[in-house]
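Hi,

Here is the structure I said I would pass on. Have a look at it first, and my notes on the aromatic residues follow below.

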Amino acid sequence: MKLKNFLSLPIFSVFFVMGFVYYITVFILIEDWVGLQTSAGSLNSMIFTTLACLCVLSFLVGVLTDPGRVPSSYIPDVEDTSFASDQEPKKNVLQSKYCDKCAAYKPPRTHHCRVCKRCILRMLACGLMMLALSATLGTLLGWHIYLITHNMTTIEYYEGIRAAWLAKKSGLSYRHPFDISVYKNITLVLGPNTLRWFCPTSMSHLKDGVSFPTLRDSS
């Protein structure tokens, strides 16, 4: 990623929020609670500092790592409609795979990024970074646990709301096609090795980003 993209206002804003939360927690809350000079205060500040460092490291990895490009040779399988909802007309499936801005076809779960100015494979924020940050912010913790256990991105969540509404109007039910099971969803996002869930650079479990297991595959 170019330096001018790294040194941007949104990224500086994230660092500012992290620093503000760290300062308030360590030098105000913990200091007033038990005192930093006590053993309890030192332990709490050390644990929180470790989480904060993990959060910063994970954020840097997420910023500096290329999000992935759609292969130039990618051509969608017209017969493959496993990721489409039952109530979606088959003739609209191929059209939904086409990106007007890139003038090219895109794999399932791919979205166009206005910042990168290209389609991104599975536009998902770094899961462990969000978990570490959510531990300090509270409300984001439950939200991202929900997303991970349902194997969906924020964009897919809002798309699912509309799909569920359309299904309800037609007297049908809707379920996110990539929501396989809680355990499998977690391992697909964070990996099968639980010891590596706390390693932000562990991405060996990620595949090509073009195909994903669906609910129909496991049925």
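Y23, F27, I28 and L29 together make a nonpolar surface patch of about 390 Å². Keep in mind that this is a predicted model. Y23 sits in helix 2 and is partly exposed, with a relative accessibility of 45%.

On to the ring pairs: the structure has six aromatic pairs. One of them is F16 with F20, which is stacked, at 6.4 Å centre to centre and with 20° between the planes. The angle counts as stacked because it is under 30 degrees. And how far apart are F16 and F20 along helix 2? They are four residues apart in that helix, which spans residues 9–33, so about one helical turn separates them. As for the surface, F16 is exposed at 60% relative accessibility, while F20 is partly exposed, with a relative accessible area of 49%. The cut-off for exposed is over 50%, so F20 falls into the partly exposed class.

Then there are Y157 and Y158. Their ring centres are 5.2 Å apart and their planes meet at 80°, so this pair is edge-to-face; the cut-off for that label is over 60 degrees. Y157 is partly exposed, with a relative accessible area of 24%, whereas Y158 is exposed at 53%.

Cheers

Definitions and conventions: Residues numbered from 1 in each chain as written. Predicted model: local features only at pLDDT ≥ 70, side-chain atom pairs only at ≥ 80, totals over all residues. Heavy atoms only, no water. Phe/Tyr/Trp six-rings, centres within 6.5 Å; stacked < 30°, edge-to-face > 60°. Helix = DSSP H or I, 4+ residues; strand = E, 2+ residues; numbered from the N terminus. Buried < 20%, exposed > 50% of the residue type's maximum accessible area, 1.4 Å probe, protein only. Patch = residues over 30% accessible without salt bridge, like charges linked within 9 Å, V, L, I, M, F, W, Y side chains within 5 Å. Areas by Shrake-Rupley, 256 points an atom, 1.4 Å probe, with all protein chains shown as cover. Salt bridge = Lys/Arg side-chain N within 4 Å of Asp/Glu carboxyl O.
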